[in-house]
Each structure stands twice: as structure tokens, then as C-alpha cells.
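Dear colleague,

Please find below the structure that I am handing over to you. A summary of the findings follows it.

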Amino acid sequence: MQRARLIRLALLLILSFCSAAARGGEAPDTEATLRDSLGEAKRFFDSGGYVQARKLYDDILSSPPLANPQAMQAFREEALFYRARCLYFLPEQKEAALADFKKLAVNEQGLANPTYRDEARYWAGRTLLAAGKPKEACDFLGSLGDLGTKPELDCDSSRYLAQALVEQSRAIEGEGAETKKEALIRQAVQELKKVLINYPNTAGHQEVELDLMRLHMLLREYADGVAVADAVLARGKLADDFRARCYLYRAQCLYMTGRIDEAISDYGAVVDNETTGVALALDALYGRGWAYTRSAETVGLEKRPAFLAKAKADFRKALKKMPLSDPRRVTIMMTLSDVYLRMKEFPNARKQLQEILALEPENPRAHYLAGVAARGAYDYDAAVEHFEAVIRHLVIGEVSDFLLETLKSLADLERDRRDFGAALLYYNNAAEIGRMLRNYTMVANAELGAAVSLIGLGGETSERSKTETDKQARALLKLLADNVAGAPGPQVLKEMDHLEFRLRSLKTWMQAGPDNYGKALEVLALLRGRYLNRLPVDELDFVEGRARFLIAEMKKRELLASPAPDREKEQQVLSLYTNAAEVMARAAEVNPRGNIAPQANFHLGEILFERGGLCFSLADRLQAAGETPAAQSNLEEGRKIIGKSLSAYSLAVKTAADVRLRSQSRRQLGRAYFRLEEFRPALQEFRTLATDPASGEDLRLEATIWWAKSLIELGDPEAAVARLRPETAKSIEASIMAGDLLEKLKRPRDAYLIYMSWYLIGKEVVEDKRALAAEALYRGYYLELSQAGEIERAGDIAETRRHAAVGLRQVALKYPETAWAAKALTALGEYLLVANPEEALKIADTSAKELAIYPDAVQAMELLRGKALHRLKRYQEAMSALEQAEAVGGEGENFEIRRAASILEKGHVALSWGKVSQAIDFYRSVFARFPKMTDEADAARLALARLLAGQNELAQALKILDNGYRRELMLQEKTRLKSLHGGK
């Protein structure tokens, strides 16, 4: 083939020279000769002779005009187009090619052959894309119409336009950059989808699918990426290399969605395929190694070493397969070093890092890891040397969080070596750089370390006892006070003193959790930034408002945790919220056109919403204490304040440029309407959010669930089920809500199928959803148990109940440390109550001790104990257990349901015990105190009506039934009672 091509080129050259000689070296001047020259040039072009073709096209373009101007225009258009194509393929001629393409692409006088305009735009776009000008490339490629005569060109133009859009997105910076980037990438997705739909048989179709997978990954739409890969793999008959790439991309998407086990399997499909190329195999080994590392973070401590060992094996295999010249080699060596450090194999880590430093002696990241490894091996001198090398080898002038972390590590190391002077120097440097980077958490941590170092310099110990914590806080307070610009007023110092001793208390905040502690430190540092005049003017009130809000939240938790109302503390906390709202409102007014105002309005709404919610909580406490007027006053105040939050959230929705902030504001706006029981506007907000593609999958899912809740409140459970069904495969919350509704709609089989589907999914989902999947299993088996009464044959009933009991025990054994175990055991106990109350009591007694740390589990077990003791006719003990169930502290619907159920059961016990008046009081208390617990309220009404009817008070019994929620059931009971009393 190559020899034939060379012979053909030689013949064409001879013909060219002969033709030129025949013309005497002059330019062609007749239509025939021009046509011959074009044909000759085209033959050179088609054979790759771009230099010779370009010369002929130059001659044609410089030839004198013909008598036929239309023919001359057509010849020149063709010559200009193909000369540009020649220049495109010649080295260093892209600019000249672009100039020719533009002459045709932007021609305003009309072309003899309009096809050249679109083709020139296509090639101009490609040329600009190759030259690193994606925005201009998009202008040309995006202006193309449907090139029906050349479908392959239309297909390619969409592909190149998609590529140009993605390249353009990478260059966007500044405010709103993420939104703009996402819009461009979504446009690129549409271009690729257009190719797949319109040109399914075009060459390169599979590459387009791979490009589409990459774009879904860029958009973090990993589920969509998996769907594309699934569709491709389902076709079968794929080339080995292409199939391997599909599995690789699918594995990467699965990894990002948390389906780690499936990702490991897909990576394995690439690694284990003998035909996979080296590059893909290396990518798969590297990816699977990271997947094993991720698994190690989610499993228990006993299983972690096994996963880390698998990760280590994959990384080592990757290094063995990789050529020494591969640029990724150092990256994988660094990753392997990190695994060694996680496994505490410090000698192996140090050996690996020495190899890296032999290749790249100035690699700062390698020096940092080497410092960590040396410190782990107690080689403090080497650790200091490596950490100092990080600082030396960082790019001059580079100020980054990495530098900050290194300084902090050096400071900690020097403090461990008890060189407090050196530690103080490093801590102070870290704090200063942290302020430059606005990394306020690190600033606070560094200054706390500096305070400890000052204590150490004073010859005192730094034990984290309460006394030492106070000393550290006082030393840090002195540092802060000494550095405040200007003379702070007494109120400022008082506020800082309050914050220091509240937020710096390791004992208080570490009990609340490390995340809360870190957040507190960050807010404290932000507030300090205000007094140091480090923040822009329009951010000062915003920062202070957030700090005050955090203090109010902390105080609220303390208040609600106390068993008895405290009016003075209540007013203090409400005042804290009021102050925070005033400061945040000021922040929203400072710069209404800036980016602070939308954030300030959102947080103002948040403050008002939480303050109103606190009023509602206080109203409930007052109502329970019998202080009805005060409770009503708090309730009205809460509604008024949450009403104000509507305006703040609405402003944030209207003014936020950031899509995420706008979506979050809309969600909170819907929740505020919902809290005020204005369900139609709430539904509208949630529906808008759920159907907005820009809001993100997580917010859309959450909005759909709230949309369904609004429909339930509006009395349309069927519509709520229809809305939830498409989401049941994604969300356990949606599944359980849909199951609840289906149970209430008397469609238990549908509910059971949903619950059991989530049990099956639960085997694969990430660890934090397993407890929820366990609830689905418990609900499913319990529902199956409830269906046993509908089966006619006794054998089937026994078998179904046995199956349910096995399943409930399975949940309890599999998740012994979760509250779901209590739910499963409660369901099992309920099943055993009639046939074997002693066994039910045993379950309650044992589980109450094992699950004592979960208030809802304690309440459930006490309720079960009370019911079992009732069945065993141990009435005094039953009453005591039920009173304990009622007294268990906790907020939320489940706690309220069990409180109502406890009082209802106390009524049953009192009735069995012969204390009829007490029973009547208990029954009345249920539907008076818990009107929203409709099932329990109706059960109390039925029991009370039967009791009153038995005492010949039929009129009063019928009146009680008139107020029931389940009208049909109440009507049936009224009919029954009337018939028992002679139809009166």
C-alpha cells in the first residue's frame, strides 16, 4: 500500500511539472485549465501531497478573472477552502489556515457553494480548539446547521463542540464560576446525546458514549454515568479494549456513589482480563486500591487491616507492571506510602519515600509524608528535617493550606520534644498564615497550641485536665487581648471572655462531638477576625451574627436538656436569638448587591426559624406542665417569628446568584410554610425545587419527600404515594414513608414489597444506610406477621408467624448496637404477648439493659414490659413500667406516639385492675393530649365508649365516637353499641 501510494505521488508530480511546462509557468487563464488544475490539486490533497496541492491552489487563487464571474467565484471558493485544509495539515500553518476558513465562514456576500460556509465554520472551530481558544471555537461550531448532506461532519461538529464547551468551562473563574461551568458541561452533554440519537451508526459512536460517561462524572451525576455504561455493556459483542474502558468508567462512578463493593468488582473485571492493555490495567489496579482503602474506612476495626492489605497488594502490582519512565509512577508510590502509614508500617513507608525522594529530591509532599513516617517511628530529628525540607522546597511565595499543615506538624513535633520556644515560633507563624488564607480553624488551633507552649515555657504541665484547660484558655485570652487593634471596650472583652471559656472548654465541646468543637473554634476565630479588623466591612456583621447564632443554639440545647422549665434561662436564650437576628439583618442591609446579602438573608431566615421553633418547644413543655395560657402565648409568638423568616428566605431565593444557596433557601422557605401549616404554598416551593435540574440530586430528592408530606397534610395520600414511588429505589426515607402510606391505604402487600426491596438493597449500600435498611426488614417482616390473620389455614398462619419471628430476631442480632434492634425486638415482643407473655417480658428486660444508651429504645422496652406485665396480671408493676415509658425524655413523633400508647395501655391496666374511674381519666387524657396521634386517640375513644356504654351511658359514648378520626370505624362502632342496647 505504501509503495503504491509513493508511485502515485511520483506520477502526480510528473504530471504537475509537465502541466506547468506546457503552460510556460504562467497561471491558468481559461475555465477548462482552471478545472483541470482543481482536479489535479484535489488528487494531491486526497493523496496527502499538501505542499504540492497548496501550490496549485495558490496559482488558482492568483489567476486572472474569467469571463464567467460565477464560474470564477466557484473555482476560488473551492481553491480557498482546500488551501485552508492543506495549511491545516502542514506544520506551523494553523494561523494561515484559520484566516482562510474565516474568509469563507463569515462571508456576507453569498457563496456560489453554501456548503463551504458550514464546512469552513466546522474547520475554523477545530482549528481554534487546537489553538487553545475554546470560546471562539464554540462560536463557530455552535453556528452550524444540520449538515444533512454530510452526516459524518454534523456528527463530528457536535463532538468537537462538546469538547470545546468542556475546555471553555475549565477557563471560567470568579463569582458564580461553578454555575457557569455546569451550564456549559450540560450543553456538551446535550450535544453528545444528539450524536447518539441522530447518528447511531456513525463511526466513533462508542467513543461518544465514553465521552458522555466522562461528562457525567464531571457533573457528579455518577448514577447517570453508571446508566450509560450499563446500556453499553448490555449490548454485548464489544471489543475487549472498549469493554474494559466501560468497566473502568463504571467502576469510577460506582466508587463515587459509595457502591464500593460493585466498584471493586468492576475494577477486577478490567484487571483480570488478559487482553486488557497495560495502561487500562494500571488505572484499574490504582482505582481498586483506592476502593479497598475506602472500604477500610467504613468497616470495623477488626476488618480494616485486611482491606488495607488488599490495597497495598494492588498498588504494589501497579508499580511492578509500570515502566520506570511512566509519569504516574511517583503518584502511585506516594499512594502506597500513604497506605503503609495507615497500616502503621513506618519502616516500609520510610523505605518507599526514600525511593521517591531519590527520584524527586525536592518533592514537598514526599518530604511531608516522610516526616509523618519518621515521627511515627519516633525519629524526631529526621521528622524535623523532612518538615523543614517541605518549607524549603515549596514554590517561593506559595502560601497554601499544605504549608500551614506543615507548620502545624512542626510545631506539634517540637512540643512533643518539649522545645516550647521552637513550638511557639511555628504556632505563631501558622496562625499568621492561617489568617492570610482565612483558614480560621487552623488559626484557632495554632493559637491554642501557642498558649500551651507559653504554659510549657513557664514550667507548667500541659495535661488536659479541667484546671489546665482553664489555664490554656486564660493564656489564649491574653494573647487575643494583646493583639486586638486599638483599645477594645469592656463589652467586647466580656463577650470574648464568654466565648473563650464556653467554646474552648475541651470537656464540654468534646462531649458534644469533635465536629461541634471544630465549628466552635472556627466561629470564634471569625469573631476574632472582626475585632482584628481582618475582614471586609460588609462581612463583619455577617460573621458576628453567625457567632451569636451558634451561642444561641448551644444554649438552646442546654435549656431543652433540663427536665424542668426555667423561665429566666428561656428568656436569655430567646434574647440571644433576637440579638443574632438583629446583627444578621444589619449584614443583609450593608451591601444589598454584593454576595453577602443573599447569604445573610438565608442565615437570618435560619435564625428566625430556629427561634420560632424554640417557642413551639417551650409551648409544648408549658402545655405538659398545665400552663395553657403561657403555652398559647409561646405558640403565637413562634408562628409570628417563623412568619418573619418567610420574608428573609424569599429575599435569598430572589437575590442569590449561587444555585446551591438559592435551592437551599427555597427548601427552607418550604419548610417554614410547612411549619406554619400553610401546606399549599409549601407544596409549591417543594415542587419547584424537586423539578429544577439545577438544584442537585440530593436537594431534589429531599424536596420530593417534603412534597409528599405536604400532599399527606392536604389529604391526598394516593398522590403522595405516586410522588414517592419513583424515589423508593434511591431513598430509604422515601421507601418507609411510601410503605407507611400504603399500610394506611390498606395495601399491605405493596408496602411489604417496598420494605423487602430495601432489605435486599441494604446488603449493598454503604454502612450508614444499613440501619435504615434494617428497619425496612423489620417493617417488612412485621407486616407479614400482621397479614397472618388474613390467611385461612392454621398451618399457613403458624408458618408465616414463624417466618416473621425468625426475621425479627435476625434484625436484632445483626444490628445489636442500633435503635432498630429495639424496634425489631419490640415487634417480636408484640407477637409473643398473647401466646407467650413471659418470653415477651424476658425480651423487654434484657434489651432494656443492652440498649440503655438509646432513649427511644428504653421507651419502647418499657412500653413492652408494661404490656407483658399486664398480660401476666402484675398490674402494679405494669403501671410502674408504663409510667417510666411515659417519662422518658426525647422529642419527635415516635416519642409522642409511644407516650400516647403508654397512657392508653395504663387505661387498659386500670380497667383490668378494677379502677374504672382511673381508666376513664387515662382514656380521656390520650385524645386530649395527643390529638395528632390519630391511631392512639381513636383507640382511646373506642375503649372509653365501650366502657361508658357498659355503664349505660350510651349517649355520652356515642358523642365521644362522633369526634373520632376514622369516620367509618366510628360509625361501625356506634351501630354495634346501639344494637347491643336495643337500637336506642
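**Overall composition**

In the protein, 57% of the contacts with a separation of 6 or more are accounted for by residues 24 or more positions apart; a contact means heavy atoms within 4.5 Å. The model is a predicted one, in which local features need pLDDT of at least 70 and side-chain atom pairs count only at pLDDT 80 or more, while totals for chains, interfaces and linings use all residues. Residues are numbered from 1 along each chain as its sequence is written, and side-chain values use heavy atoms, with hydrogens and water left out.

The secondary structure comprises 47 helices and zero strands. Both are DSSP runs numbered from the N terminus, with helices being H or I of at least four residues and strands being E of at least two. Of the 984 residues in the protein, 49% are buried. Here buried means under 20% relative accessible area, exposed means over 50%, and partly exposed lies in between, with a 1.4 Å probe and protein chains only. The protein exposes about 48600 Å², of which carbon and sulfur atoms supply 52%; accessible areas come from the Shrake-Rupley method with a 1.4 Å probe, and for residues only the protein chains shown count as cover.

**Confidence**

The mean pLDDT of the protein is 75, and 73% of its residues reach 70 or more. This quantity is the predictor's confidence in each residue, from 0 to 100. Confidence is highest in helix α32, at 91, and lowest in helix α25 (residues 506–512), at a mean of 37. Over residues 459–538 pLDDT stays under 50, and the model has 128 contacts beyond four places in sequence for them. Residues 11–15 also have pLDDT under 50, with seven contacts beyond four places in sequence.

**Aromatic rings and charges**

A search of the whole structure finds 21 aromatic pairs. Rings of Phe, Tyr and Trp (its six-membered ring) pair if their centres lie within 6.5 Å; planes under 30 degrees apart count as stacked, over 60 as edge-to-face and the rest as tilted. Tyrosine 88 and phenylalanine 89 form an edge-to-face pair, at 5.2 Å centre to centre and with 90° between the planes. Tyrosine 88 counts as buried because its relative accessibility is 9%, whereas phenylalanine 89 has 37% and therefore counts as partly exposed. Both residues belong to a cluster linked by ring pairs, whose members are Phe45, Tyr50, Tyr57, Phe81, Tyr82, Tyr88, Phe89, Phe101, Tyr122 and Trp123.

A charge sits over a ring if NZ of Lys or CZ of Arg is within 6 Å of the ring centre and within 35 degrees of the ring normal. Lysine 915 lies over the face of tryptophan 913, at 3.8 Å from the ring centre. Arginine 294 is placed over the face of tyrosine 255, at 5.4 Å from the ring centre.

**Cysteines and a buried arginine**

The structure holds zero disulfides, a disulfide being a pair of cysteine sulfur atoms within 2.5 Å. Cysteine 86 counts as buried, at 0% relative accessibility, and cysteine 246 counts as buried at 0%.

Arginine 288 is found in helix α14 (residues 278–298). With a relative accessibility of 11%, arginine 288 counts as buried. Not counting residues up to four places away in sequence, arginine 288 touches Ile264, Tyr267, Gly268, Val271 and Asp314.

**Loops and backbone**

Glutamate 677 is not a glycine, yet has a positive phi of about 65°. This residue is in the loop between α31 (659–675) and α32 (679–690), and glutamate 677 is partly exposed, with a relative accessible area of 48%. Asparagine 952, likewise not a glycine, has a positive phi of about 65°. The loop that holds asparagine 952 runs between α45 (934–950) and α46 (954–962); asparagine 952 is exposed, with a relative accessible area of 64%.

Finally, proline 855 lies in helix α41 (residues 855–871) and is partly exposed, with a relative accessible area of 40%. The C-alpha atoms of proline 855 and valine 888 are separated by 6.8 Å, although the two are 33 residues apart along the chain.

Yours sincerely
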